[in-house]
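Visitor: I'd like to learn how to read a model like this one. Could you walk me through it?

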Amino acid sequence: MDMRDRINTALKTAMKEKDKERLSTLRLINAAIKDRDIAARGEGDDSGVEDSDVLQILGKMVKQRQESAKAFEEGGRIELADKERSEITVIEEFLPRQLDAAETVAAIDAAIAETNAESIRDMGKVMGALKAKYTGQLDFGAVGGKIKAKLG
């Protein structure tokens with residue numbers, strides 16, 4: 001079952017169970033996917049977004065909510081921070097398991113070996129290889145620094 005089907009099935013279940021918070025988050029996910037579909041159609045791609053694009057969208061949504069929750073906490077708005085965290089929980093159900101620190105290092109080492117990267121100039125190749133295999137499983141913002149440290 002592809003990502004869209006999983007999300008739509010969860011949406012229907014949330015409707016039947018009258019779970020308003022979950023339903024709201026699932027609708028936000030669908031809206032973000034449809035926005036990307038519309039943008040792709042504007043560029044001449046009528047096939048719609050693929051699962052890898054959906055994973056990218058979901059990862060971005062999680063990151064946005066983490067930043068918002070942090071800002072709400074700093075502003076003393078705990079109830080809004082809690083709402084953001086509950087949305088993160090729903091979104092993460094559709095993301096693959098995040099790699100832990102040891103698995104991340106192993107993935108970086110494997111990508112460096114696979115691409116024969118020798119210097120910081122090869123960082124793009126390494127990132128490309130990681131994104132092809134581990135979309136949704138790695139925080140590529142944090143991984144960039146680790147790759148620089150290994151290649152630098």
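Guide: Let's begin with one residue. At 39% relative accessibility, Glu92 counts as partly exposed; buried means under 20% relative accessible area, exposed over 50%, and partly exposed in between, with a 1.4 Å probe and protein chains only. Glu92 sits in helix α4. Helices are DSSP runs of H or I with at least four residues, strands are runs of E with at least two, and both are numbered from the N terminus.

Visitor: What should I know about where these values come from?

Guide: This is a predicted model, where local features need pLDDT of at least 70, side-chain atom pairs count only at pLDDT 80 or more, and totals for chains, interfaces and linings use all residues. Residues are numbered from 1 along each chain as its sequence is written, and side-chain values use heavy atoms, with hydrogens and water left out.

Visitor: How many helices and strands does the chain have?

Guide: There are 7 helices and 0 strands. The C-alpha atoms fill a box of roughly 55 × 45 × 25 Å along the principal axes. Buried residues make up 36% of the 152 residues. Of the contacts with a separation of 6 or more, 57% join residues 24 or more positions apart; a contact means heavy atoms within 4.5 Å.

Visitor: Is Arg65 buried or exposed?

Guide: Arg65 counts as buried because its relative accessibility is 11%. Arg65 belongs to helix α3 and, leaving out residues up to four places away in sequence, touches Leu28, Glu84, Glu87, Ile88 and Ile91.

Visitor: How do I check the length of a helix?

Guide: Take 1.5 Å times one less than the number of residues; that's the expected span. For α5 (residues 101-115), 15 residues should span 21 Å, and the end C-alpha atoms are 21 Å apart, which agrees. Helix α2 (residues 20-42) has 23 residues and reaches 33 Å from its first C-alpha to its last, close to the 33 Å expected.

Visitor: Which residues of α5 are buried?

Guide: They are Thr104, Ala107, Ile108, Ala111, Ile112 and Thr115. Seen down the axis of α5, those residues fall within an arc of 135°, so they line one face of the helix; the arc is taken from the directions from the helix axis to the C-beta atoms. On the other side of α5, Ala102 and Ala113 are exposed.

Visitor: What covers the buried residues of α5?

Guide: The cover includes α6 (123-134) and α7 (140-151). Just after α5, Asn116 takes a positive phi of about 55°.

Visitor: And how do I describe a pair of packed helices?

Guide: Two packed helices are described by the angle between their axes and the distance between the axes. Here α5 and α7 pack at about 55°, with axes 11 Å apart. The axes are lines fitted to C-alpha atoms, for helices over the stretch in contact, and angles run from 0 to 180 degrees between N-to-C directions. So α5 and α7 are oblique to each other: under 35 degrees counts as roughly parallel, over 145 as roughly antiparallel, 65 to 115 as roughly perpendicular, and the rest as oblique.

Visitor: Which residues of α5 and α7 meet?

Guide: Thr104, Val105, Ile108, Asp109 and Ile112 in α5 meet Val143, Lys146, Ile147, Lys150 and Leu151 in α7.
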